[in-house]
Amino acid sequence: MAVIEISFDPLLRLGELSVRWQTIGVTVALLAALAVAALMAPDISSQRPFFRRGPRDLRPRFPEAPVIAPNGEVLSAWPLRLDDMVLIIAAIVPGAVVGGRLVHALAFWDAYAANPGQIFNPSVGALSLTGAILGGLFSGSYVCRLIGAPARRWMDAAAVPLLLAIALGKLSQFLGGSGQGLPFDGPWAVAFGGGGPWVSTNPDLASHPSQIYEGIWALIGIPVVLRLAGPRRRPLRVNTRVAWADRSAPEGWLFVLGLSWFLVGRVLIGFTWRDDATVGPLNGEQVIALIVLVGAQLYFRGRTRRRGLRSIVST
């Protein structure tokens, strides 16, 4: 049996301090995603000649209304603002934690049914990535509504950074031996040795590198969803370095495409996980991913159809 044997110290040791390489990789993934998101939302105070330098405009914003620039030009929508991004990210974090925990408990309800109070014990179980994305989406959208920021444009701005963070984060799991799948005897089966400490149970068992599958799937998804979202938007609304990520599809559609690609990957790659089946051949995370996938498609298509009808009526 051909097995790729991995044996290295998963800890970066700096004197008495030790940090997992996986933690460093996840941190780099988040920073890279935030950098791309920041380029998708250039500060309006620097966008001359449309916006003059001076005191910040504190008047209420209405994302659906046209915006009149100081030079008299009518802009189609409010530009994204970096200061808004800070508030939205701050709101996403608690939503992601709560959503990730609730979906994890739902996916593994058999383990929590006898003692539901363990759901609130952070030392037991983990967070669901699907739930974290959903929870962050709801809390971030709520704050967008509070501050008058264009939620669907922010969703589109987050599509590529989200896939990038998932890809690099999943690949970083390999550095800690976590996310290993079912036993596997194929030529790319992976086993971790050398004592670790590794995260996965039975790391020395040759298994599917499921974390690598998910990382590669997310990376492939970036050009795929951009292609499906149409040509680049004109005129340019973002930093020129990320012009390739601003597409002409209806607002919100790029995010739905990115989310759908992620969910399809969860369903397909979920067959290689070590989780027990709960509904037929599907495990709990796969079932939830399918439900969210169908719901997202129906919701967005329904919203798009209703907005189209309102446009026809208004004209």
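Helices (H or I, at least four residues) and strands (E, at least two) are DSSP runs, numbered from the N terminus. The model shown in these views is predicted, with local features needing pLDDT of at least 70 and side-chain atom pairs counted only at pLDDT 80 or more, while totals for chains, interfaces and linings use all residues. Residues are numbered from 1 along each chain as its sequence is written, and side-chain values use heavy atoms, with hydrogens and water left out.

**View A. The loop between strand 6 and helix 6, with Pro197 and Asn202.** Pro197 lies in the loop that runs between strand 6 (189-192) and helix 6 (210-228), and the peptide bond leading from Gly196 to Pro197 is cis, with omega near 10°. Asn202 is found in the loop between strand 6 and helix 6 as well, and its phi is near 50°, a positive value in a residue other than glycine. With a relative accessible area of 47%, Asn202 is partly exposed, a class that falls between buried (under 20% relative accessible area) and exposed (over 50%), as computed with a 1.4 Å probe on protein chains only.

**View B. Helix 7 along its length.** Helix 7 covers residues 253-269, and its 17 residues should span 24 Å at 1.5 Å a residue, which agrees with end C-alpha atoms that are 24 Å apart; the expected span is 1.5 Å times one less than the number of residues.

**View C. Gly258 and its surroundings.** Gly258 lies in helix 7 and is buried, with a relative accessible area of 4%. Leaving aside residues up to four places away in sequence, Gly258 touches Leu163 and Val225, where contact means heavy atoms within 4.5 Å. Gly258 and Ala159 are 99 residues apart in sequence, yet 5.7 Å apart in space, C-alpha to C-alpha.

**View D. The packing of helix 5 and helix 7.** Helix 5 (residues 151-173) packs with helix 7 at an angle of about 25°, their axes being 6 Å apart. Helix 5 is therefore roughly parallel to helix 7, a description used for angles under 35 degrees, where axes are lines fitted to C-alpha atoms, for helices over the stretch in contact, and angles run from 0 to 180 degrees between N-to-C directions. Helix 5 contributes Met155, Asp156, Ala159, Leu162, Leu163, Ile166 and Lys170 to the contact, and helix 7 contributes Trp253, Leu254, Phe255, Gly258, Trp261, Phe262 and Arg266.

Terms used:
Angles under 35 degrees count as roughly parallel, over 145 as roughly antiparallel, 65 to 115 as roughly perpendicular and the rest as oblique.
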